[in-house]
Amino acid sequence: KSLSPPTRRKSLLTMGCRNCIDVLIIVLQSYFLWSCIAIERHYCHQPLSADSTGILKTTYEYAIENNRLFASRPDYMVMATCISAYGLGTLYALVLLAFTFKWNWIRMIAILLVGAKAYALGFYHLMEFTSDTPPENLLAYWGPEFPYILSLVLLLARTLPGPPFQAVTQQVKPTKED
């Protein structure tokens, strides 16, 4: 047996990529918040249509082609989208701010967001794939969903082990009496 100290496996977090992951979390939360404001909020209050403009028209065209259940607007889909736009949108904003300003108090809120979003995604995809109009083009369907799944994994990696940010400590300079 070797008497050398045990070696730890290097992960992305211990290899100096913690800041890279934090930046990616910030970018993803920004994208989700933008989606809540620019798309989901509108979908919540009125149908998207071919007459919509900008990103709403693009979303309508995507939904008609790749997500027909979303395009058909059943009541539960509208309610789920409203919850996402206003409820999860608020949590996305909090996580975005916390990772921007390195606030450790976000840990439990981020873990709760992961649980809520995982539940929402599970329910959403269950409804999609058991509906009368399941997605046919799986690549086009899962493409916009991948960032949400990636975000959940990254948030867990940064918050589950402990506080996501290191506390800043001040070094005490020795005095002449020391």
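Student: Which helix gives the most to the lining of the largest cavity?

Tutor: Rolling a probe the size of a water molecule over the atoms shows where empty space is left. Here helix 7 gives the most to the lining of the largest cavity, with four residues. This is a predicted model: local features need pLDDT of at least 70, side-chain atom pairs count only at pLDDT 80 or more, and totals for chains, interfaces and linings use all residues. Residues are numbered from 1 along each chain as its sequence is written, and side-chain values use heavy atoms, without hydrogens or water.

Student: What counts as a cavity, and what as a pocket?

Tutor: Both are sets of points on a 1 Å grid over the protein atoms alone. In a cavity a 1.4 Å probe fits but cannot get out; a pocket is open, with protein on both sides within 12 Å along at least five of seven lines. Lining residues have an atom within 4 Å of a point. Points join across faces, edges and corners, and a volume is the space filled by probe spheres set on them. Helices (H or I, at least four residues) are DSSP runs, numbered from the N terminus.

Student: How many cavities of 30 Å³ or more are there, and what lines the largest cavity?

Tutor: The count is one cavity of 30 Å³ or more. The largest cavity holds about 30 Å³ of space. Look for Gln29, Phe32, Tyr92, Leu113, Lys117, Tyr148, Ser151, Leu152 and Leu155 around it. Helix 1, helix 5 and helix 7 each supply at least two residues of that lining. By class, the lining has six nonpolar, two polar and one charged residues. Nonpolar covers Ala, Val, Leu, Ile, Met, Phe, Trp, Tyr, Cys and Pro; charged covers Asp, Glu, Lys and Arg; the others, Gly among them, are polar.

Student: Now the largest pocket. How much space does it hold, and which residues are closest to its centre?

Tutor: About 780 Å³ of space lies in the largest pocket. It is lined by 30 residues, and Glu40, Phe70, Tyr124, Glu145 and Tyr148 are the closest to its centre. Helix 1 (18-45), helix 2 (54-66), helix 4 (75-101) and helix 5 each supply at least two of the lining residues. Helix 5 gives the most, with eight. The classes are 21 nonpolar, six polar and three charged. Note Tyr148: this residue lines the largest cavity too.

Student: How do I read two packed helices, such as helix 5 and helix 7?

Tutor: Two packed helices are described by the angle between their axes and the distance between the axes. Axes are lines fitted to C-alpha atoms, for helices over the stretch in contact, and angles run from 0 to 180 degrees between N-to-C directions. The axes of helix 5 (residues 106-129) and helix 7 (residues 146-159) come within 10 Å and cross at roughly 150°. The two helices are therefore roughly antiparallel (over 145 degrees; under 35 is roughly parallel, 65 to 115 roughly perpendicular, the rest oblique).

Student: Which residues of helix 5 and helix 7 make the contact?

Tutor: Contact means heavy atoms within 4.5 Å. Helix 5 brings Arg107, Ala110, Ile111, Leu113, Val114, Lys117, Ala118 and Leu121. Helix 7 answers with Tyr148, Ile149, Leu152, Leu155, Leu156 and Thr159. That makes 11 nonpolar, one polar and two charged residues.

Student: At what angle do helix 4 and helix 7 pack?

Tutor: The angle is about 50°, with the axes 14 Å apart. Helix 4 and helix 7 are therefore oblique to each other. Tyr92, Val95 and Phe99 of helix 4 meet Tyr148, Leu155, Arg158 and Thr159 of helix 7. Five of these are nonpolar, one is polar and one is charged.

Student: How far apart are the axes of helix 1 and helix 4?

Tutor: They are 8 Å apart, and the angle is about 150°. That makes helix 1 roughly antiparallel to helix 4. Their contact has 17 nonpolar, seven polar and three charged residues.

Student: Which loop holds arginine 73, and which holds lysine 102?

Tutor: Arginine 73 lies between helix 3 (68-72) and helix 4. Its phi is near 55°, a positive value in a residue other than glycine. Lysine 102 lies in the loop between helix 4 and helix 5. Phi of lysine 102 is near 55°, again positive in a non-glycine residue.
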